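Please look over the model below before you read my points.

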Amino acid sequence: MAKHVEYEKVGSDYLEHRQLKRGAAGWVLLAGLGVSYVISGDFAGWNFGLAQGGWGGLLVATILMATMYTCMVFGLAELASALPVAGAGYGFARRALGPLGGYATGIAILIEYAIAPAAISVFIGDYVKALGLLDATWPVYLACYVIFVGIHLWGVGEALRLMFVITGIAVVALVAFVAGMIPKFDSAKLFDIGDGSFLPMGVTGAWGAIVFAIWFFLAVEGVPLAAEEARDPKRDMPRGIIGAMVALLVFAAAILLVAPGGAGAKVLEASGNPLPEAVRAAYGGDNFLAQLVNYVGLAGLVASFFSIIYAYSRQLFALSRAGYLPRWLSKTGKRKTPYLALIVPGTIGFALATIMKTVDPVTGGARLINIAVFGAALSYVLMMVSHIVLRKTAPDLPRPYRTPGGVVTTSVALVLAVAAVIATFFVDEIAAAVTAGIVLVAVAYYWFYSRHHLVANAPEEEFAAIAKAEAELD
């Protein structure tokens, strides 16, 4: 173990009060979880990239990010099959980069997953408002957190199955939208921003659009967080995360083409509910399809909101169980759910959504996206470095699944992830600075306190301890 940290042995009752429900998910449910994490990005968020780089710029950014995520998913499939622990990205980086590297990765992921639901709740409020159901915003955000955190407290098996159903409904809405918009498609509508060229804001505009292109895929990397609750993680994890990624690539291509191609890119560049607005613009007013996409589109937003709550709770659970964050956050109840890891970030997310929408009603959701994306991109850099390092330092680690192309594949993802981190500063320096500040505060907490109180018995730490012992024997 690293020389600059100190470990404490805890009694058996410590882990007994920090157990998740095993065997709750097979690979199909895991693939559905992966789609569920992301599908809200098809309904709102991506379209802000049109204002940043025009349709051509967003297309270039989306191709780059699709490449990054595909390469990254192959790398994560290998890591998840070799190290199936609830800490996922933190666990992978912990084994490869040591305690500080693992902790920094976990914090970056936690920022992504804690902030993303706040952004999605803002979009849910916009969809509800567009239907004329409720003009207020914060009651919608509060209802989202209370209802869906409550379902997760009920039990993981029930929550995952309900997620799967909601995601299926959202997919139906996407298929109906695409089918309804194809007859209205006109390639000229794609280029009605700026001077009408392919890259109206130039190369820098395309680079800035990366932040919003990520929204088509953001959080698919969360599938490995369910490792300790999967039936056969070594087999099911690769199948689940790769299956989810294939579906997301199809959805992203379809939405990016037909939404602005049917309604016009200009119409959608600042919309909080772009798909219903696209239908209304394309057909010259409200109709059944617009209402269907608006109502059922809420299912897509809810699916991601619901599932990312699951993700943040498992990441916080793992970091807390190992002592990197306050240990009381990892306690589980009678139904084997980490109740405090669900409630605490939910409270923070609700407060952020309410404050950001009040301070900046137009771009509050976009700023929350930028904060989440910065945390995500930073974690991608560290996870891809972890894959490359483990291929070099632990070549004999059992890998039930191996990444096609090996480190070349994850190196491509690494380069593109670095570009995404830089792009965040181009788009929103304040959001990037806020996220970087949170990371620095978290690292200070680690350096001055938690590194002296880590839990040796935590699964992620035991993996690292065993690896070190084996290396010393060799």
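1. Ground rules. This is a predicted model, in which local features need pLDDT of at least 70 and side-chain atom pairs count only at pLDDT 80 or more, while totals for chains, interfaces and linings use all residues. Residues are numbered from 1 along each chain as its sequence is written, and side-chain values use heavy atoms, with hydrogens and water left out.

2. Cavities. The structure holds five cavities of 30 Å³ or more. A cavity is a set of points, on a 1 Å grid over the protein atoms alone, where a 1.4 Å probe fits but cannot get out. The largest cavity has about 60 Å³ of space. Volume here is the space filled by probe spheres set on the points, which are joined across faces, edges and corners.

3. Lining residues have an atom within 4 Å of a point. For the largest cavity they include Leu76, Phe92, Tyr113, Glu221 and Met383. Helix H5 (residues 89-130) gives the largest share, four residues. Helices are DSSP runs (H or I, at least four residues), numbered from the N terminus. The lining has eight nonpolar residues, three polar and one charged. Ala, Val, Leu, Ile, Met, Phe, Trp, Tyr, Cys and Pro count as nonpolar; Asp, Glu, Lys and Arg count as charged; the others, Gly among them, are polar.

4. The second largest pocket. A pocket is an open set of points with protein on both sides within 12 Å along at least five of seven lines. The second largest pocket has about 440 Å³ of space. Its lining counts 18 residues, with Leu110, Ile111, Ala114, Ile348 and Ile438 nearest the centre. H5, helix H13 (339-359) and helix H16 (429-448) each give two or more residues to this lining. H5 gives the most, six. What is the make-up of this lining: nonpolar, polar or charged? It has 18 nonpolar residues, no polar and no charged.

5. Helix H11. H11 (residues 274-283) is mostly covered, with seven of its 10 residues buried. Buried means under 20% relative accessible area, taken with a 1.4 Å probe on protein chains only. The buried residues include Pro274, Leu275, Val279 and Arg280. Gly284 follows H11 and has a positive phi, near 75 degrees.

6. Cysteines. How many disulfides does a search of the whole structure find? The search finds zero. A disulfide is a pair of cysteine sulfur atoms within 2.5 Å. Cys71 counts as buried, at 14% relative accessibility. Cys144 is buried too, at 6%.

Note on methods:
Buried means under 20% relative accessible area, exposed over 50%, partly exposed in between (1.4 Å probe, protein chains only).
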